[in-house]
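Keep the viewer open as you read.

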Amino acid sequence: LELHTEALELHPKGHPLRDYTLGNLALVISERYDRTGAQDDLEGMLALYTEALELHPKGHLRFSHFSYHFALCLLRAKGATLPPSTPDVFALLREGSRDSVSPLKATLYCAHAWVSWAREGNHGSLGEAYDNLIQFFRRYMAIGPTAQNQHEALLRNPMLLSLTMDA
């Protein structure tokens with residue numbers, strides 16, 4: 001924790017690596033929060049992910065990555081074992097799963113989390129989440145021009161296959 005805090009101090013606002021140090025420090029704090037449940041850790045996580053997401057608005061290459069991690073942080077903030085019906089969590093995942101600039105893997109994590117947490121929490125966006133997942137699947141499969149390429153892509157990513165079967 002101390003080393004990550006020092007690293008963040010070495011990467012002031014405007015530094016090109018600040019986002020990485022924000023994310024690393026938030027991850028370490030979130031692990032400690034999971035052990036202790038300390039309110040200060042929770043507030044620290046929220047502040048770090050808020051800044052990281054501000055550095056990566058929609059349309060930025062890492063937007064989906066930070067949307068996913070910020071959504072995880074918000075779920076921890078609620079202290080619930082089941083996903084809360086907090087719109088902010090689902091809004092982050094919705095936007096993260098639909099970002100056309102972010103890598104497919106990052107958008108898949110957002111889509112997967114949206115479907116999983118909406119299903120577990122019986123959230124009203126579940127139908128939209130499944131529809132989004134099907135659209136994602138179509139985009140993902142369009143990358144492989146042949147059935148063989150598509151099959152290999154599914155084998156490399158079993159999470160996508162199982163979610164598509166659910167949808």
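In this predicted model, H2 and H3 pack with their axes 9 Å apart and at an angle of about 155°. Anything over 145 degrees counts as roughly antiparallel, so H2 and H3 are roughly antiparallel to each other. As for handedness, the crossing of H2 and H3 is left-handed.

Arg18 and Glu51 meet in a salt bridge, at 2.5 Å from N to O. Arg18 sits in helix H2 (residues 18-36) and Glu51 in helix H3 (residues 39-55), so this pair ties together parts that are 33 residues apart in sequence. Is the pair buried or exposed? Arg18 is buried, and Glu51 is buried too.

Arg62 belongs to the loop between H3 and helix H4 (63-78), while Asp19 is in helix H2, so here the tie joins parts that are 43 residues apart in sequence. Asp19 has a relative accessible area of 7%, and since buried means under 20%, Asp19 falls on the buried side.

Another salt bridge pairs Asp41 with Arg32, whose side chains meet at 2.4 Å from N to O. How exposed are the partners? Asp41 counts as buried because its relative accessibility is 6%, whereas Arg32, at 30%, counts as partly exposed. Elsewhere, Arg94, Arg98 and Glu128 are linked in a network of salt bridges. Over the whole structure, the salt bridges number 6.

Time to zoom out. The protein chain has 9 helices and 0 strands, so if you read along the sequence you simply get α-α-α-α-α-α-α-α-α. Of its 167 residues, 42% count as buried.

Which residues of H6 are buried? The list is Ala106, Thr107, Leu108, Cys110, Ala111, Ala113, Trp114, Val115, Ser116, Trp117 and Ala118.

Follow the chain past H6 and you reach Asn122, whose phi is positive, near 50°. Asn122 takes that positive phi although it is not a glycine. Where does Asn122 lie? It is in the loop between H6 and helix H7 (126-142). At 69% relative accessibility, Asn122 counts as exposed.

One last item is the cysteines. Cys110, one of the buried residues of H6, has a relative accessibility of 0%. Cys73 is buried as well, with a relative accessible area of 1%. How many disulfides are there? A disulfide needs a pair of cysteine sulfur atoms within 2.5 Å, and by this rule the count comes to 0.

Key. Residues numbered from 1 in each chain as written. Predicted model: local features only at pLDDT ≥ 70, side-chain atom pairs only at ≥ 80, totals over all residues. Heavy atoms only, no water. Buried < 20%, exposed > 50% of the residue type's maximum accessible area, 1.4 Å probe, protein only. Helix = DSSP H or I, 4+ residues; strand = E, 2+ residues; numbered from the N terminus. Salt bridge = Lys/Arg side-chain N within 4 Å of Asp/Glu carboxyl O. Axes fitted to C-alpha atoms, helices over the stretch in contact; angles between N-to-C directions. Parallel < 35°, antiparallel > 145°, perpendicular 65-115°, else oblique. Left-handed = near helix turned anticlockwise from the far one by under 90°.
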